Amino acid sequence: SQQQEESSWVLSIQEGENATMNCSYKTSTTNLQWYRQDSGKGPALVILIRSNEREKHSGRLTATLDTSTQRSILSITASQAADAATYFCATDAQ
């Protein structure tokens, strides 16, 4: 079963800057997904990171996962106008 965390971010920064979003979760998890949602569209998975991975790259996106503090960080390098969207994380609740 999927458990969406409460946090979501509307990314609003200057083009070319790096963006960072933090996510914390409450339950032990096997993997964590980061989604982006464009206005008027459904959520789209952008990166999935498993509990045994510290870091996962996908293009200019990097996700890190720290299971000891139950936090994940999504970073976007050299952001572009097309990156503007709402981002949120979800976990696979055990």
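The model is predicted, so local features need pLDDT of at least 70 and side-chain atom pairs count only at pLDDT 80 or more, while totals for chains, interfaces and linings use all residues. Residues are numbered from 1 along each chain as its sequence is written, and side-chain values use heavy atoms, with hydrogens and water left out.

**The sheet**

Strands are DSSP runs of E with at least two residues, numbered from the N terminus, and two strands pair if DSSP finds at least two bridges between them. An open sheet of 4 strands has the order β2-β7-β6-β5, and the pairing is antiparallel. β2 (19–24) and β5 (55–58) are the edge strands, each pairing on one side only. From one strand to the next, the twist averages 15 degrees; axes are lines fitted to C-alpha atoms, and angles run from 0 to 180 degrees between N-to-C directions.

Lys56 stands opposite Ala63 in β6, and Ser58 stands opposite Leu61 in β6. The strands β5 and β6 form a hairpin with 2 residues between them. In this turn, Gly59 has a positive phi of about 65 degrees.

**The core**

A nonpolar core is a set of buried Ala, Val, Leu, Ile, Met, Phe, Trp, Tyr and Cys residues joined through side-chain atoms within 4.5 Å. Buried means under 20% relative accessible area, exposed over 50%, and partly exposed in between (1.4 Å probe, protein chains only). The largest such core has 17 residues, and those with the most contacts inside it are Leu32, Trp34, Ile47 and Leu74. At least two residues of this core come from each of β2, β3 (29–37), β4 (43–50), β6, β7 (71–76) and β8 (86–93). In soluble globular proteins, nonpolar side chains tend to be buried together.

**Links between side chains**

A salt bridge is a side-chain nitrogen of Lys or Arg within 4 Å of a carboxyl oxygen of Asp or Glu, and by this rule there are 2 salt bridges. A disulfide is a pair of cysteine sulfur atoms within 2.5 Å, and the count comes to 1 disulfide.

| Link | Residues | Distance |
|---|---|---|
| Salt bridge | Asp38 and Arg36 | 2.6 Å, closest N and O atoms |
| Salt bridge | Arg60 and Asp83 | 3.0 Å, N to O |
| Disulfide | Cys23 and Cys89 | 1.9 Å, sulfur atoms |

Asp38 is partly exposed at 26% relative accessibility, whereas Arg36 is buried at 15%.

Arg60 and Asp83 form a salt bridge. Arg60 lies in the loop between β5 and β6 and Asp83 in the loop between β7 and β8, so the pair ties together parts 23 residues apart in sequence. Arg60 is partly exposed at 30%, and Asp83 is buried at 8%.

Cys23 and Cys89 form the disulfide. Cys23 lies in strand β2 and Cys89 in strand β8, so this pair ties together parts 66 residues apart in sequence. The torsion about their S-S bond is about 65 degrees, so the disulfide is right-handed. Both Cys23 and Cys89 are buried.
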